[in-house]
Amino acid sequence: MAKNNNIPTLGLFNKIILDGLGLWDSSEIEFEVPATEKERQAALKKAFDENLLENGCYGPRESVTKSIEEYAPKSQVLPRKSRTVQSFVTHFSKSDFYNHHELDELDPYINVLIEERFNDDEISQYVVQTRKLLIEHYKEFLREASICENSGNEAFGYFLSHIAVDSIMKSSFSFFKESISSDDFNYFVSSFSGSGGNVNDWPLKACLTELLKEADVSAYKLDQFHNSRINSPNKSDMEVWASLSSKVDVSKKSKQIVERFNKNNKMKWHKVLNQFSPLTAILSASNNPSTVKMKCITAFFIHNVARECEKISPDKGITSELMGKIYSRITIQKLSFLNEGRSIKRETLSYQLEKLYILTNAGDERFDQGAIEDYLLSVEIEYKKYLSEIKSQNFYLDLPLPIVFSEFWFINKDGSQYAEIRNTILSNVASDFQDVAWVKSWCLARKMLLSGDRESALQYFKSALVEAKYVSGPYFLLLYVDICAFCKMQYRSFSEKNEVAIFDRFYEELGNSAAKYCTLIGYSPTSKRNPETLMPSSENGAKNLGIVKYIDITSKYMSEISPENICID
């Protein structure tokens, strides 16, 4: 859990998803994994060191390039036990990911395990996609939701019921849309609205109840089918169904078949599929095998993830009652844009915004700029609704700071509003929020800085960083700029006195930690290293430059201020 709050860290949320999928056993699997960031950095250093001349310069570019090509690490095939990968996941659930490279480097292992466990190309690809989507939606939520003290449980419950479930449903449609029509998917959505059973049903029971109703058979008949299948292994499903007696009865066992899907138990995918798939033979044409698989995997995914959430913290209240509320709110109206002919975008809204801002500012004649701007406007409207819903919740901490959402730093790259932000931070409005740990530490850091006590400012900035993680929402960027500006100012000061070693020992880790968390959660763009040239490149250079500009402005301001400028009591 995040320090001073009880919302899951990204490392813990990743474990919740993977434990819910039931990936772990004692088997040994071969993984083909790319080189790690650490290995690539080491290879790059070795290549440059090899070409370092006595005068301190480097040799010809061709020579450096040749050395890089020689030392660039290749992908490896590594034998690992499933339990070994599980231990990595458990470690990150406790310590969290230090940077985005650790999360990225774990993915190849997880993807191979998913392929092994589900043993179905279509389902495996869906699960890989949906896990990635859930993580991206969680990061977006963390960037936009500033959370009151001790309200992490409530915030995470909101994310699960209002965002995670929607993202799984959208992932289902976007992945299986080639196999089913919009009308079929509308019917699928409605089956999770409580119409298939009791409003408090868990998803797997709701799904099974709806399929039984559509097939016009009872749970007793389904139990009969499975018993007959054991004795008739060579018959087709349709032949087995036809051989069953027409007797209508109910047994204790048949009731148990349905009710076991309505309990807070982890379900195994192969057992769910084995139980549900025989219905495909007698369902209507709209419920083709892909549709049934989609229904099953969607219900399975949400059922087990919710179960893991309840296990890690029972007081979250993630119970069958909450599950009922989750499914009762997923209606055809919720996804009404299907009927309007719009496609479902599985990407996060902030991701869509960022890409559209890039296209708008690029002015590329290959694209219809008018159409891009129209689409940008529609996404902005949708995003504002998303933000309004979050801000209306009891867990939301609304600070009087002029920043609307995390993408502000990109769209306001000219810095026109930065003076307003800086002046507001320096005013005493934050004194009303002294009971918020990270705000208090941040204010004290500024007070110490402005009074000339930079050593104390360092300690308070360190505290503010730890306390602000996972709870400060879009306001984290303001703190991040302050921390980076402070570190830059100190580096310049120690460099002038030839005491860089002091900076390296006491200050460098603060800036590194802040920057790594910033890219991990997605406030600032990540960088990818070319596997051949080993050169890094930012995924959004313009956004990165905008943040750097604010850091430079603030660092210069910090160097010029004097103690009498302070306004915070």
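Biologist: Why is aspartate 216 called exposed?

Modeller: In this predicted model, aspartate 216 has a relative accessible area of 70%. Exposed means over 50%, so aspartate 216 is exposed. Aspartate 216 lies in the loop between α9 and α10, and its phi is near 60 degrees, a positive value in a residue other than glycine.

Biologist: Why does aspartate 96 count as buried?

Modeller: Its relative accessibility is 12%. Buried means under 20%, and therefore aspartate 96 counts as buried. Aspartate 96 is found in the loop between α4 and α5; its phi, near 70 degrees, is positive although the residue is not glycine.

Biologist: What makes Ala43 of α2 and Val64 of α3 part of a helix contact?

Modeller: Contact means heavy atoms within 4.5 Å. The axes of α2 and α3 lie 9 Å apart, at an angle of about 145 degrees, and their crossing is right-handed. Ala43 of α2 and Val64 of α3 are among the residues that make the contact, which divide into seven nonpolar, one polar and two charged.

Biologist: Which helix supplies the largest share of the lining of the largest pocket?

Modeller: That helix is α5, with nine residues. The space in the largest pocket is about 1,300 Å³. It is lined by 41 residues, of which Glu37, Asn99, His101, Glu102 and Glu105 are closest to its centre.

Biologist: How many residues of that lining are charged?

Modeller: Twelve are charged, beside 16 nonpolar and 13 polar residues. Glu counts as charged, so Glu37, which lines the pocket, belongs to the charged class.

Technical notes
Residues are numbered from 1 along each chain as its sequence is written. This is a predicted model: local features need pLDDT of at least 70, side-chain atom pairs count only at pLDDT 80 or more; totals for chains, interfaces and linings use all residues. Side-chain values use heavy atoms; hydrogens and water are left out. On a 1 Å grid over the protein atoms alone, a cavity is a set of points where a 1.4 Å probe fits but cannot get out, and a pocket is an open set with protein on both sides within 12 Å along at least five of seven lines; lining residues have an atom within 4 Å of a point. Grid points are joined across faces, edges and corners, and a volume is the space filled by probe spheres set on the points. Helices (H or I, at least four residues) and strands (E, at least two) are DSSP runs, numbered from the N terminus. Axes are lines fitted to C-alpha atoms, for helices over the stretch in contact, and angles run from 0 to 180 degrees between N-to-C directions. A crossing is left-handed if the near helix is turned anticlockwise from the far one by less than a right angle, and right-handed if clockwise. Buried means under 20% relative accessible area, exposed over 50%, partly exposed in between (1.4 Å probe, protein chains only).
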